[in-house]
Amino acid sequence: MSAAALQPEPHRSSLAARVLHTPLTELLCGHVAPAFDALQMVAAAGLPPTLTELTCGVIRRTRLWRREKLEVARELLAHFQDGLAAGATADDLAASFGDPAQAAKLIRRAKRRNRPVLWKALRLTRRTIGALVLFMLIVYAVQAIRIFTQRPNIARNFAAEWNAAPLAVPESQRAWPVYREAALALGKWPVSRANMTLRPGGADWPALVKFVDENARSVELFRQAAAMPKLAWVLNTQLQDEDARLINRGYTSPPASAPAQPAVQVPAFVMFLMPPLPVLRDGTRLLTIDAYRAAETNDPGRADADILAILQMADHARETRVLIGDLVAAALSSRTCDLLGTLLHDHPQLFSPEQLVAIAHRLAAVGNGSLRVRFDSERAMFEDILQRFYTDDGHGDGLPRPELLCIASVVDGQSRDNSPFGGAFAKLLFPAASTVMAGRRDLYAAFRDCIDRSEAVADLPLWECPPQDTGDETVIAMRASPLTRLHYWPLSILMPAFGNAGRIAEYATQTRDATLTALALELYHRQHGDYPSSLDALTPQWLPKVPPDRYDGRPIKYRLVDGQPLLYSVGVDRKDDGGRLPDVSSLGPDAPNRAAQANRLARDWQPPPDPSRPPAKPLPDGDWILWPPVE
Amino acid sequence: MRVERELMRGAGPVAVLKLLERREMYGYELIEALSKRSDGVLAMGQSTLYPMLYNLEAKGFIESTERTAPSGRERKYYRLTRSGRTQLAEQTGQWLAIVRAMQSLGILPGPTAGWEAAS
């Protein structure tokens, strides 16, 4: 490098360079004095070119702050000037200086040690962040390689297992084609299903009766379908031919677009469509109205056929072996009990004793005598998700696959943007997100723990239900924060709180047992001319045994009021109030269906009071009336 | 005789501290004094001395003042701080221990009285 090259560069004399090298205090006073220009200072010092070149070279290489360069320049200048004054030559001084590059490096390092603590803290922060980013990038890269190079292993075809039974049913015994024909033949309901009151006397009743009359063919087809032994619905992810027409009739949503995944020839359990359940619900609505019409026109045969058909529909719903099917079956059983209870009360002589006995036997036989909900489908669905959307290390563990993000859209038809990662960058972000997500084994363990607890609680009668469903609590904990939601994704969105499922089955069981008791009382009354003083008198001729009150485990409560029987449960307060409904005056005098609301309050489960702590909310003080019907 | 770099790295700072023990000195003066008083053994160039001075300053063992010398030149004078004195005492103790160890191994001839007196 020549000495000329190290002279102050031309641009240094520009205004910008001068401003750049002027101390801030000078600038604030309006002066432009480049006091910080170390090279300018060295050049102006008048040293021999060798030393000027050496000094400028060292100062440039230090890459220090301007003020620091200035300090170093002053010191080196003074040093060389001292040396020259002591008689040394420029070449001697340059030779004894040492390696300029090494000098610049050491000076830089030493000067930086003298910098303020704040600067050091910022540097440490910068370095820490840099190290963290680097670490995360490495983790990301490793995770991405692991995720994108491994494949899921779809070892079990749950669809085939599930469909083995319906596919074995001969076509002539399959009820589904007839149900489908009945649904497709049905016109548009005149009243919203959600607000429909399926009892005579309501404002919509004339329109409903007219609708049933206009849809006599559907009514007949529903009866025919119910008379067939098996529903034989074959689970699938797509609807073909006639089934596809149900989409336009509102019985099912369109099939979800399948997320990209290997081995799509095996249908995913989570994507199965279930149009039979809304069809069955519509059929029971139709037949319930028809049964009331039959009673009004004193046609016991038609009413009897309708009731038996609805009960068969409940069994057809349970045949699907999915949780929601069991819940529909419980609802259909309860609807039949409501219908039967009202007919017994309003038309006590409608049915012959033989018909009452046949109805009672059929009602008791729904679900082979048990309305409890089953969780097999939930287990199959989740295991199927694991095998599709997780890699398989051959030992029960694996990593989540990016297609897992589409689970939400598959399950509820929502946009993929509803995934916790957003839509567009989902795949890009997935390796990073997957470091927080539970692995296959851990997620399955969490699922098993959760569903085992919920199933254990769902199998208990209300009188043995613990104050808290720990399965539900686990689900709530999974949804507590975005981090836990992500950790347990997709369990945190797929796992419903099951606690209520078991209770719905319990309510249906209590309602069924009370209806069977009411039927037995009617049969007793017809034989003896009055009602028994105790339910024990009904056994074993009309009842195998007195059913339990689901809230206290003791026999269902029975009283004669004005010579008429009253069946009730102690209700949620677990206290016998003599068959009195809870007070619902707080609802206001104009509240509709006050008695029905009061009865529902007494029915709906709440944890038993804990003597050790004051109740958060007082339990409804009253009983759950089971028969006669509460209007 | 040229001292190994690693040895110099240990000996250099304590030598500088020792020189500054009695009075303040500027850079060129230090280089000259080191070379002269150690018969050239501890001679070091600017490229070694100034980074060493900045390091000692960063550690708080020395402090500097810029002053105009009688010759009219701006110079930076270095002097020992209280912490520097403590450090010098510790370093001297350690060097003495090394010398004694070397003597006991027969690497250095004894006695060490001269060194002790010097410290």
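## Exposed, buried or in between

A residue counts as buried when its relative accessible area is under 20%, as exposed when that value is over 50%, and as partly exposed in between. Keep this in mind as we look around this predicted model.

Arg574(A) has a relative accessible area of 23%, so this residue is partly exposed. Asn368(A), at 79% relative accessibility, counts as exposed.

Most residues other than glycine have a negative phi. Arg574(A), however, has a positive phi, near 55 degrees, and sits in the loop between β2 (564–569) and α26. For Asn368(A), phi is also positive, near 55 degrees; look for Asn368(A) in the loop between α17 (353–365) and α18 (376–389).

## Two cis peptide bonds

Most peptide bonds are trans. Here, the bond from Trp489(A) to Pro490(A) is cis, with omega near 5 degrees. You will find Pro490(A) in the loop between α23 (482–487) and α24 (491–494).

Another cis bond links Trp627(A) with Pro628(A), where omega is about 0 degrees. Pro628(A) belongs to the segment after β3.

## The largest pocket

Now for some open space: the largest pocket holds about 1700 Å³. Its lining is made of 47 residues, and Arg199(A), Ser334(A), Asp338(A), Arg600(A) and Arg603(A) lie nearest the centre. By class, 25 of the lining residues are nonpolar, twelve are polar and ten are charged.

Which helix gives the largest share of the lining? That is α16(A), with 14 residues. Elements supplying at least two residues each include α14 (276–296), α25 (499–528) and β3 (624–627) of chain A. Domain 2 (158–369) and domain 4 (527–627) of chain A each contribute at least three residues to this lining.

Methods. Residues numbered from 1 in each chain as written. Chains lettered and ligands numbered in written order. Predicted model: local features only at pLDDT ≥ 70, side-chain atom pairs only at ≥ 80, totals over all residues. Heavy atoms only, no water. 1 Å grid on protein atoms, 1.4 Å probe; cavity = no way out; pocket = protein on both sides within 12 Å on 5 of 7 lines; lining within 4 Å. Points joined across faces, edges and corners; volume = space filled by probe spheres on them. Helix = DSSP H or I, 4+ residues; strand = E, 2+ residues; numbered from the N terminus. Nonpolar A, V, L, I, M, F, W, Y, C, P; charged D, E, K, R; others polar. Domains from an automatic or database assignment. Buried < 20%, exposed > 50% of the residue type's maximum accessible area, 1.4 Å probe, protein only.
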